[in-house]
Amino acid sequence: MNRSSEKYIITKDMKWEVLGGGVSRKFLGYNNQIMMVLVKFETGAEGTPHHHFHTQATYVAEGSFEFTIDGEKKVVNGENGVYFEPNLIHSAVCLKEGMLVDVFSPIREDFLDGSDVSYFGKKEE
């Protein structure tokens with residue numbers, strides 16, 4: 001299936017998708033090869049350990065997060081980035097309320113069709 005977002009994504013016009021556990025997201029752009037997602041975390045919110053076949057790069061737009069990738073922990077503050085190789089177990093804990101910009105390749109079809117496993121708690125309808 002060929003999927004793509006609009007050319008211009010104006011976040012102030014979008015509602016947050018509440019994922020539960022103090023985490024919400026907005027899709028910033030995607031096609032079949034790439035996806036960018038803005039993810040908002042409350043202090044203490046967690047992305048529990050998980051893995052996926054997608055390559056992921058994350059920009060910490062604001063806040064402070066403790067990431068664990070393949071057993072290695074590191075605190076990453078705003079205006080810095082993280083790279084996740086495919087299939088490595090990784091997680092995050094928000095130490096100070098903030099936002100991440102996650103980029104995935106290829107697209108996370110599971111995010112769009114609603115079949116994704118929530119790493120953050122129960123999704124709110």
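Trainee: What percentage of the 125 residues in the chain is buried?
Mentor: The model is predicted. Buried here means under 20% relative accessible area. Of the 125 residues in the chain, the buried ones make up 38%.

Trainee: Which pattern does the chain follow along the sequence?
Mentor: The chain has eight strands and one helix. Read along the sequence, the pattern is β-β-β-β-β-β-β-β-α.

Trainee: Why does the chain count as compact as a globular protein of that length?
Mentor: The C-alpha trace spans about 35 × 30 × 30 Å along its principal axes. The chain follows the pattern β-β-β-β-β-β-β-β-α. For 125 residues the globule rule gives 14 Å, and the chain is as compact as a globular protein of that length because its radius of gyration is close to that, at 14 Å.

Trainee: Among contacts between residues at least 6 apart in sequence, what percentage joins residues at least 24 apart?
Mentor: A contact needs heavy atoms within 4.5 Å. Taking the contacts in the chain between residues at least 6 apart in sequence, the share that joins residues at least 24 apart is 65%.

Trainee: What part of the accessible surface belongs to carbon and sulfur atoms?
Mentor: The accessible surface of the chain comes to about 7400 Å². Of this surface, the part belonging to carbon and sulfur atoms is 51%.

Trainee: How far apart are the centres of the positive and negative side chains?
Mentor: The chain has 19 negative and 13 positive side chains. The centres of these two sets are separated by 5 Å.

Trainee: How many salt bridges does the count come to?
Mentor: The rule asks for a side-chain nitrogen of Lys or Arg within 4 Å of a carboxyl oxygen of Asp or Glu. Among the pairs, Lys12 and Asp13 have their closest N and O atoms 3.3 Å apart, and both residues are exposed. By this rule the count comes to four.

Trainee: Which residue forms a salt bridge with Arg3?
Mentor: The closest N and O atoms of this pair are 3.0 Å apart. Arg3 belongs to the segment before strand E1 (17–20), and its partner, 106 residues away, to helix H1 (residues 109–113).

Trainee: Is Arg108, which meets Asp110 in a salt bridge, buried or exposed?
Mentor: The side chains of Arg108 and Asp110 come to 2.8 Å, N to O. The cut-off for buried is under 20% relative accessible area. Arg108 has a relative accessibility of 1%, so it counts as buried.

Trainee: Which two residues does a cis peptide bond join?
Mentor: Most peptide bonds are trans. The cis bond has an omega of about -5 degrees. Pro106, one of the two residues, lies in the loop between strand E8 (90–105) and H1. The bond joins Ser105 and Pro106.

Trainee: What is the relative accessible area of Asp70?
Mentor: Asp70 is in the loop between strand E5 (55–69) and strand E6 (72–77). Its phi is near 50 degrees, a positive value in a residue other than glycine. Asp70 is exposed, with a relative accessible area of 56%.

Trainee: What value is phi of Asn87 near?
Mentor: Most residues other than glycine have a negative phi. Asn87 lies in the loop between strand E7 (80–84) and E8, and is partly exposed, with a relative accessible area of 48%. Its phi is positive, near 70 degrees.

Trainee: Leaving aside neighbours within four places in sequence, which residues are in contact with Lys15?
Mentor: Lys15 sits in the segment before E1 and counts as exposed at 79% relative accessibility. Leu95 is 80 residues from Lys15 in sequence, and their C-alpha atoms are 24 Å apart in space. With neighbours within four places set aside, the contacts of Lys15 are Arg25 and Lys26.

Trainee: What distance separates the C-alpha atoms of Ile107 and Arg3?
Mentor: Ile107 is in the loop between E8 and H1, and is buried, with a relative accessible area of 5%. Leaving aside neighbours within four places in sequence, its contacts include Arg3, Tyr30, His54 and Leu112. Ile107 and Arg3 are 104 residues apart along the chain, and their C-alpha atoms are separated by 9.0 Å.

Terms used:
Residues numbered from 1 in each chain as written. Heavy atoms only, no water. Helix = DSSP H or I, 4+ residues; strand = E, 2+ residues; numbered from the N terminus. Rg over C-alpha atoms; globule rule 2.2 N^0.38 Å. Buried < 20%, exposed > 50% of the residue type's maximum accessible area, 1.4 Å probe, protein only. Areas by Shrake-Rupley, 256 points an atom, 1.4 Å probe, with all protein chains shown as cover. Lys, Arg positive; Asp, Glu negative; His and termini not counted. Charge placed at Lys NZ, Arg CZ, Asp CG, Glu CD.
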